[in-house]
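Dear colleague,

I am handing over the structure below, and my notes on it follow.

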Amino acid sequence: KILERVPCSAGIKYNLGRGLIQQKELDSAAKTLEGALQDCGNYVPAYQHLRHVYEQLGRTQDLKRLDAMWTSAEAQAEEADDDDEDELEFLDEAEGSPTRDRV
């Protein structure tokens, strides 16, 4: 019932997935952890547990797809960090003093 009220609930789905793993219900755990990652694509614990479940189930294609998505997401995050750093440098130059020295 909680998931009906709060459809985007990565943490709840993650905890449900962990419980399903403990109960050896790996197919259900995989679906639940996939849902957690749909709600929050950078949720590292859900990724790690789903990866483990895929390995246990021998779902190599799903594992490859998950790793490829995760690697792509990490690359995009690093690129965004670089863009943020470039923007800070631009703002620093425009104001005439380094932001880092003010912190």
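Is the crossing of H2 and H4 left-handed or right-handed? The crossing of these two helices is left-handed, where left-handed means that the near helix is turned anticlockwise from the far one by less than a right angle, and right-handed that it is turned clockwise.

Before going further, some conventions. This is a predicted model, in which local features need pLDDT of at least 70 and side-chain atom pairs count only at pLDDT 80 or more, while totals for chains, interfaces and linings use all residues. Residues are numbered from 1 along each chain as its sequence is written, and side-chain values use heavy atoms, with hydrogens and water left out.

Overall, the protein chain has six helices and zero strands, helices (H or I, at least four residues) and strands (E, at least two) being DSSP runs numbered from the N terminus. Of its 103 residues, 24% count as buried, a class that means under 20% relative accessible area, with exposed meaning over 50% and partly exposed in between (1.4 Å probe, protein chains only). The chain exposes about 7,400 Å², of which carbon and sulfur atoms supply 50%; the areas come from the Shrake-Rupley method with a 1.4 Å probe, and for residues only the protein chains shown count as cover. Among contacts (heavy atoms within 4.5 Å) between residues at least 6 apart in sequence, 38% join residues at least 24 apart.

The axes are lines fitted to C-alpha atoms, for helices over the stretch in contact, and the angles run from 0 to 180 degrees between N-to-C directions. On the H2 side the contact is made by Tyr14, Arg18 and Ile21, which meet Pro45, Ala46, His49 and Val53 in H4. These residues divide into five nonpolar, one polar and one charged, where Ala, Val, Leu, Ile, Met, Phe, Trp, Tyr, Cys and Pro count as nonpolar, Asp, Glu, Lys and Arg as charged, and the others, Gly among them, as polar.

H3 and H4 pack at an angle of about 150°, with their axes 9 Å apart, and are therefore roughly antiparallel to each other; here too the crossing is left-handed. The residues in this contact include Leu26, Ala30, Leu33 and Leu37 of H3 and Ala46, Leu50, Val53 and Leu57 of H4. By class, the contact has 12 nonpolar, two polar and two charged residues.

Thr32 lies in helix H3 (residues 26–39) and is buried, with a relative accessible area of 17%; leaving aside its neighbours within four places in sequence, Thr32 is in contact with Lys13, Leu16, Gly17 and Leu20. Lys24, in the loop between H2 and H3, has a positive phi of about 65° although it is not a glycine, and Lys24 is exposed at a relative accessible area of 68%. Gly19, in helix H2, counts as partly exposed at 23% relative accessibility, and its C-alpha atom is separated by 7.9 Å from that of Ala29, 10 residues apart along the chain.

Terms used: Parallel < 35°, antiparallel > 145°, perpendicular 65-115°, else oblique.
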